[in-house]
Amino acid sequence: MSVLVYTESEGGSFKKAAYEVASYGKGIADQLGTPVTAITFNANDAGDLGTYGVSKQLNITDSKLEKFNAAAYADAIAQAAKAEGATTVIISSSANSKYLGAY
Amino acid sequence: MKILVCISHVPDTTSKINFTDNNTQFDTNGVQYVINPNDEFGLTRAMWFKEKQGASVEVVTVGGAEVEPTLRKALAIGADSATRVDAPALDGYAVAQELAAVVKNGGYDLVIAGRESIDYNGGMVPGMVAAMTGASFVNTCISLEVDGSAATAIREIDGGKETVSATLPLIIGGQKGLVEESDLRIPNMRGIMMARKKPLNVVPSVATATETKTVSFEKPAPKGDVKLVAADNLDQLIDLLHNEAKAI
């Protein structure tokens, strides 16, 4: 069981919102007594997510997912949530995250 | 082209917001309701398609009989018919289930919803309806053109805009930009009279589940007093920020 956070990246680098959701996810995870897992797409490296409380990162590398695709991203996040047994999934309020959140 | 515009019945932004039942229910006393502004942009764009391309325009909302004046206003603006799903709008998931059933039964080419309602700001409904019906979906849509079965839309993204193409059937989450505020229509007397004769169908609820339950509402804390610091008194400013506001 874990808290899953979607950490957005652009051009392989994490956006500021990624660190915000990681930090928020850590707060929720501490309340639940579970670790935080982050999922991202085509990130160049792990960035500083560990310092914000992320204990595990899932980086999906697929050239077909280089451009944002709400349905495909949502499907991948849903699969990750299932695989990780995540009871809470956290996304930011960016335009893209709100787009995929509804899926 | 057959268009469905999803309408939310929301409090006017000038309404005084209060809660009842130990802060678990919105107090509707004295509240004026309007068409959700994001939906109104979509409705106005739909009217453009009706007038320029011969589209038919239906409107739908979820709610009790109290939402019918809002639907009648949409009819007065020019929609051809209206549907009210007779169910309380409990949460985004429940509303999406109701709307998805209407969309599936109606065979619409284009479904226009607002990107979010201005009451609860969930922003979930159009995407959920698209997922439930298998239609293409464009959110935060600020421009839409349709040519035959092909649509070209511009959507707002972080720091810019993105132009996308899609095939009908399509669902959009629209907002300001679909039309400008100056293009919004105020119903005239003829439209209001005609709206009384247009069909307003009431259909039963199909939703079986809600995903959320309101625990409590609370208003934002009132703003504190403002302390003015002279422009040349940086020491006092730093002292206040450090010791009082604890911001630095």
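This is a predicted model: local features need pLDDT of at least 70, side-chain atom pairs count only at pLDDT 80 or more; totals for chains, interfaces and linings use all residues.
**Stop 1: chain B as a whole**

With the C-alpha trace shown, the chain spans about 70 × 45 × 40 Å along its principal axes. Chain B has 248 residues, of which 37% count as buried. Among its contacts between residues at least 6 apart in sequence, 71% join residues at least 24 apart.

**Stop 2: the nonpolar core**

Next, select Val5(B), Ala74(B), Leu99(B), Val111(B) and Val129(B). These are the residues with the most contacts inside the largest nonpolar core, a set of 81 residues. Helix H3 of chain B, residues 92-106, supplies the largest share of this core, namely seven residues. As a general background, nonpolar side chains in soluble globular proteins tend to be buried together.

Now centre the view on Val111(B). Which residues does Val111(B) touch, leaving aside those up to four places away in sequence? They are Leu4(B), Cys6(B), Val103(B), Val129(B), Ala135(B) and Ile171(B).

**Stop 3: helices H3 and H4 of chain B**

The axes of the two helices come within 8 Å and cross at roughly 50°.

To see the contact itself, display the side chains on both helices:

- From H3(B), select Gly92(B), Tyr93(B), Val95(B), Ala96(B), Leu99(B), Ala100(B), Val103(B) and Lys104(B).
- From H4(B), select Val125(B), Met128(B), Val129(B), Met132(B) and Thr133(B).

Colouring these residues by class gives ten nonpolar, two polar and one charged. Leu99(B) and Val129(B), which belong to this contact, were also selected at the core.

**Stop 4: where chain B touches chain A**

Finally, bring chain A into view. Twelve residues from chain B and nine residues from chain A take part in the contact. On the side of chain B, the elements that give two or more residues are helix H4 (125-133), strand S9 (136-147) and strand S10 (150-157). H4(B) provides the largest share of that side, four residues. By class, the side of chain B that touches chain A has six nonpolar, four polar and two charged residues.

Note on methods: Residues are numbered from 1 along each chain as its sequence is written. Chains are lettered from A and ligands numbered from 1 in the order in which they are written. A nonpolar core is a set of buried Ala, Val, Leu, Ile, Met, Phe, Trp, Tyr and Cys residues joined through C-beta atoms within 7 Å. A residue is buried if 20 or more other C-beta atoms lie within 10 Å of its own, exposed if 12 or fewer, and partly exposed in between; C-beta atoms are placed from the backbone. Two residues are in contact if their C-beta atoms, placed from the backbone, lie within 7 Å. Ala, Val, Leu, Ile, Met, Phe, Trp, Tyr, Cys and Pro count as nonpolar, Asp, Glu, Lys and Arg as charged, and the others, Gly among them, as polar. Axes are lines fitted to C-alpha atoms, for helices over the stretch in contact, and angles run from 0 to 180 degrees between N-to-C directions.
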